[in-house]
Amino acid sequence: MRQGRTAALMVGAALLVSTVGDEVAMVALALRGADRTGLTSVVSAQMLAGLVPGIVLGGPIGRVCDRFRTDAVLGVALALECLVAAAAAAVADSALLLITAMLMLGVLGAVAQTCVMALVPQLFPGPGIQLRVNGVMESVRNAGYIVGPLLVGLLTAHGGTGLALVVDAGTFAFALLAIPVIRGRISAPHPAASAPAGAGKRTAGAAGGGLRLGLSLLWAGAGRRMTLTTIAVTVAATSVANVLMPFFARDIPGGTAVYGTLLATWSVGLVLGPFLLRGRLGRLPTSAVAVTAATCIGLSYMVTGAFPVIPLMLAAFLGGGMANAVQNVALRTHVMADCPQDVRGRVGAAYGATLQSAVAAGFALAALVPADGARWGILAGGVIAFLAGLLGRLGLLRTRVTAGPPAPGRPVTVTAGTALDGERP
């Protein structure tokens with residue numbers, strides 16, 4: 001990281017500012033939708049418009065990121081986000097225009113996210129350094145999630161949603177400053193003697209494959225399937241709890257004020273969590289770390305539902321937020337560390353589509369829970385996530401025992417989709 005310090009700092013600054021911009025755009029457009037239409041259906045449609053592109057357009061997004069220079073695609077996406085935010089500030093007043101603006105920002109945001117996932121292995125070769133870089137990026141991104149809502153509150157209070165969207169456009173313009181630094185870092189030879197992981201690999205059928213190819217590579221291998229299945233189940237289960245938390249807030253001491261404090265505590269955990277990977281935890285197999293973290297997230301919701309006492313809930317949410325960040329970093333590194341260079345975009349898009357589909361499934365299932373049963377729904381979601389995590393961990397152990405160690409005297413090779421843990425042998 002020291003050799004790429006300039007690139008790391010510039011990418012980190014751009015990521016922080018653009019994440020703040022993403023949050024400002026989402027909140028500002030939702031506020032404008034509520035103000036101009038007064039319809040919950042419009043705001044709901046806006047939220048879905050921001051989520052669906054990453055699921056539905058994963059194939060085309062992945063192909064674009066793999067066909068063209070990743071830094072160039074990222075630059076175009078950021079520039080278009082800047083223009084869309086500026087246009088939304090000026091003309092997005094009707095329900096149709098508000099939903100369209102959110103849809104366009106959702107598409108461009110999915111492109112940018114896929115580009116960032118594909119760029120990390122290019123900028124920082126090697127699974128070990130990628131784990132550290134992904135940890136830094138996770139903390140930076142989550143800091144943006146904290147700053148964004150606070151900033152949009154101040155901006156809308158003094159200049160309305162129009163001012164917030166103009167500032168949003170400025171954040172994307174600032175992020176564009178990182179593109180020349182990224183391009184220079186990619187073009188320059190890396191000081192390391194070996195080539196980046198996956199740099200020389202090519203995947204059969206990669207030229208014509210889309211999201212299906214990305215999903216097949218993402219889910220290849222027994223260990224990979226076990227890890228992703230466990231994470232998908234826990235994400236869906238805890239997404240149910242996320243929907244039910246506002247209703248649960250009615251029944252806890254302190255009401256919505258405590259609910260806001262819980263959300264802030266989770267966000268603090270998201271920022272602090274990646275620092276745990278700098279110690280011994282960062283030397284463990286990334287698949288095992290991701291599954292264990294998912295188990296801890298389920299445990300945090302179990303504690304919240306079973307013992308709705310403020311000190312316990314605060315501790316559970318802090319631990320849950322830290323586990324959430326560790327899971328994100330470990331899983332992202334596990335998926336991308338040894339991915340062939342010519343399919344990184346499609347694998348990254350498939351990764352995003354998989355997790356967003358799990359979130360959407362959880363949101364849909366939450367509609368089946370009555371409002372007065374929110375506490376028990378949260379408890380059930382936590383129990384399901386916790387048990388899924390335990391079963392996933394046992395499954396990974398069984399997979400490793402079945403696979404066995406490499407034969408004596410034979411070199412260990414790792415290819416995308418076959419690595420059990422995404423780590424160096």
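Guide: Start with contacts, meaning heavy atoms within 4.5 Å. Take the contacts in the protein with a separation of 6 or more: residues 24 or more positions apart account for 86% of them. This is a predicted model, in which local features need pLDDT of at least 70 and side-chain atom pairs count only at pLDDT 80 or more, while totals for chains, interfaces and linings use all residues. Residues are numbered from 1 along each chain as its sequence is written, and side-chain values use heavy atoms, with hydrogens and water left out.

The protein has 14 helices and 0 strands. Both are DSSP runs numbered from the N terminus: helices are H or I with at least four residues, strands are E with at least two. Of the 425 residues, 51% are buried. Buried means under 20% relative accessible area, exposed means over 50%, and partly exposed lies in between, with a 1.4 Å probe and protein chains only.

Now to your cavity. Rolling a probe the size of a water molecule over the atoms shows where empty space is left. Here the search works on a 1 Å grid over the protein atoms alone; a cavity is a set of points where a 1.4 Å probe fits but cannot get out, and lining residues have an atom within 4 Å of a point. Points are joined across faces, edges and corners, and the volume is the space filled by probe spheres set on them. The whole structure holds 2 cavities of 30 Å³ or more.

The largest share comes from α13, with 5 residues.

Helix α3 spans residues 58-67, and its buried residues are G58, G59, I61, G62, C65 and D66. Seen down the helix axis, they fall within an arc of 165°, so they line one face of α3. That arc is taken from the directions from the axis to the C-beta atoms.

Next comes T114, in helix α5. T114 is buried, with a relative accessibility of 5%. Leaving out residues up to four places away in sequence, T114 touches I61, C65, G345, G348 and A349. The C-alpha atoms of T114 and V347 are 8.7 Å apart, although 233 residues separate the two along the chain.

V347 leads on to the packing. V347 and L331 have the most contacts inside the largest nonpolar core, which has 50 residues. Such a core is a set of buried Ala, Val, Leu, Ile, Met, Phe, Trp, Tyr and Cys residues joined through side-chain atoms within 4.5 Å. The elements giving two or more residues to this core include α9 (222-248), α12 (310-336) and α13 (344-366). Helix α12 gives the most, 10 residues. L331 touches T227, L228, I231, A290, Y351 and L355, again not counting residues up to four places away. Another core lies apart from this one; it has 29 residues, among them A77, L78, L119 and V133.

Finish with the rings. Rings of Phe, Tyr and Trp (its six-membered ring) pair if their centres lie within 6.5 Å; planes under 30 degrees apart are stacked, over 60 edge-to-face, and the rest tilted. The count is 3 aromatic pairs. W266 and Y301 form a tilted pair, 5.5 Å centre to centre with 40° between the planes. W266 sits in helix α10 and Y301 in helix α11, 35 residues apart. W266 also pairs with F317: their centres are 5.3 Å apart and their planes at 75°, so this pair is edge-to-face. F317 lies in helix α12, 51 residues from W266. W266 is buried at 10% relative accessible area, and F317 is buried at 3%. Together, W266, Y301 and F317 form one aromatic cluster.

Note on methods
On a 1 Å grid over the protein atoms alone, a cavity is a set of points where a 1.4 Å probe fits but cannot get out, and a pocket is an open set with protein on both sides within 12 Å along at least five of seven lines; lining residues have an atom within 4 Å of a point.
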